Amino acid sequence: MRVVSVNTSPIREILYRGTSFRTGIFKTAVAGPVRLFTDHVEGDEQADRRVHGGVDMAAYAYPIEHYAFWQQEIARPALPFGQFGENLTISGLTEENARIGDILKLGSATVQVSEPRIPCFKLVARMEAGVDFSARFHKSRKLGFYLRVLEEGEVAAGDAISVVEVAEGSPTVAEFIAVSQFATRDLDALTRIQRARGLSAKWIATLQKHIDRAAPNAPAPAAAAPPGEEVVFAKSGLTVRWDDEARHLLGLAERAGLNPGFGCRSGSCGTCVCTVLAGEVEYTEPVEPSAAGTVLMCSARPRGGRLVLDL
Ligand code: FES
């Protein structure tokens, strides 16, 4: 196992589908050793610290074994290192043999496998391989994984990767992806992966939402909210006022005590799709919208007036 390439990028402002946003996904290979800090990689910038960087996602690693698959899949003769936004292109360590919580030595740094990467629309902009690329990437399960830096140190292309401690009993990254993204009603499996070694508080909370939803005696929905700019969850018999703090329709539904299905919460996986019975929606992220007459609840809000959803 070894580090094939170390990749970093400054933040760029780009225009995608009429929306401009800042991103650090355009990573390129750098020569020489680079320091892994506890919350980022030297010379690398993250535009959105909610989903990149920080102690639980200090560095993103992607297996070179997947490059051939994607070259064929999107008909590209070659893909440069860093193409998927990864800080470290690695070989010999994939989602199949890395466990959440494994401790590794890279160069002089000690790191821990922390969680899979969940793609967002920025990957679509980066790849230029179709507006559905994020969904295809998600579906492939070839997501790569983040590393937590336990001891800062330097790493360079060619450095060996050695296992300091195997997280025995903890799920592999592949198992974690399979359950957290594709089996979110399997109560036993959810409970098992929630016990993954060193799992972040964010993931524990996300899995708990799935567990609560999958539990046989899920709590009853809250009472209806007062009238106003409103969203009607028709099947549930609930009418609630739109609240910006909910951020999206999925959040609004959860605040109302409902348990709609979700996966990525970033407009990629399609799990939260819901039929719109009346009214209009607008997307708050430049995601690829779902089919006409439906909405990805995790990335949209009502567009004025009364919105009726088949939920
Ligand atoms: S598209 Fe994945 S949860 Fe909304």
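**The nonpolar interior and its surroundings**

A: The largest nonpolar core has 40 residues, and those with the most contacts inside it are Val3, Leu36, Ala59, Ala61, Val111 and Leu147. This is a predicted model, in which local features need pLDDT of at least 70 and side-chain atom pairs count only at pLDDT 80 or more, while totals for chains, interfaces and linings use all residues. Residues are numbered from 1 along each chain as its sequence is written.

A nonpolar core here is a set of buried Ala, Val, Leu, Ile, Met, Phe, Trp, Tyr and Cys residues joined through C-beta atoms within 7 Å. A residue is called buried if 20 or more other C-beta atoms lie within 10 Å of its own, exposed if 12 or fewer do, and partly exposed in between, with C-beta atoms placed from the backbone. In soluble globular proteins, nonpolar side chains tend to be buried together.

Val111 is in contact (C-beta atoms, placed from the backbone, within 7 Å) with Leu36, Ala59, Leu104, Leu106, Leu147, Arg148, Val149 and Leu150, once its neighbours within four places in sequence are left aside.

Tyr60 belongs to strand β6, residues 59-63; strands (E, at least two residues) and helices (H or I, at least four) are DSSP runs numbered from the N terminus. Because Tyr60 has 25 C-beta neighbours inside 10 Å, Tyr60 counts as buried. Beyond residues up to four places away in sequence, Tyr60 touches Gly85, Glu86, Asn87, Arg117, Gly144 and Tyr146.

Val4, in strand β1 (residues 2-8), is partly exposed, with 19 other C-beta atoms within 10 Å. Again not counting residues up to four places away in sequence, Val4 touches Ile64, Phe81, Thr89, Ile90, Ser91 and Ala157.

Turning to the helices, α4 (residues 173-182) and α5 (residues 187-194) pack at an angle of about 135° with their axes 10 Å apart, where axes are lines fitted to C-alpha atoms, for helices over the stretch in contact, and angles run from 0 to 180 degrees between N-to-C directions. That angle makes α4 oblique to α5, since angles under 35 degrees count as roughly parallel, over 145 as roughly antiparallel, 65 to 115 as roughly perpendicular and the rest as oblique. Glu175, Phe176, Val179 and Ser180 of α4 meet Ala189, Leu190 and Ile193 of α5 in this contact. Its residues divide into 5 nonpolar, 1 polar and 1 charged, where Ala, Val, Leu, Ile, Met, Phe, Trp, Tyr, Cys and Pro count as nonpolar, Asp, Glu, Lys and Arg as charged, and the others, Gly among them, as polar.

Helix α5 also packs with α6 (residues 201-214), at an angle of about 160° and with axes 9 Å apart, which makes α5 roughly antiparallel to α6. Leu187, Leu190, Thr191, Ile193 and Gln194 of α5 make this contact with Ile204, Leu207, His210, Ile211 and Ala214 of α6, and by class it has 7 nonpolar, 3 polar and no charged residues.

Finally, there are two loop residues to look at. Glu128, in the loop between α2 (121-127) and α3 (133-140), has a positive phi near 50° without being a glycine, and Glu128 is exposed, with 9 other C-beta atoms within 10 Å. Arg141, in the loop between α3 and β10 (145-151), has a positive phi of about 65° although it is not a glycine, and Arg141 is partly exposed, with 15 other C-beta atoms within 10 Å.

Methods:
Two residues are in contact if their C-beta atoms, placed from the backbone, lie within 7 Å.
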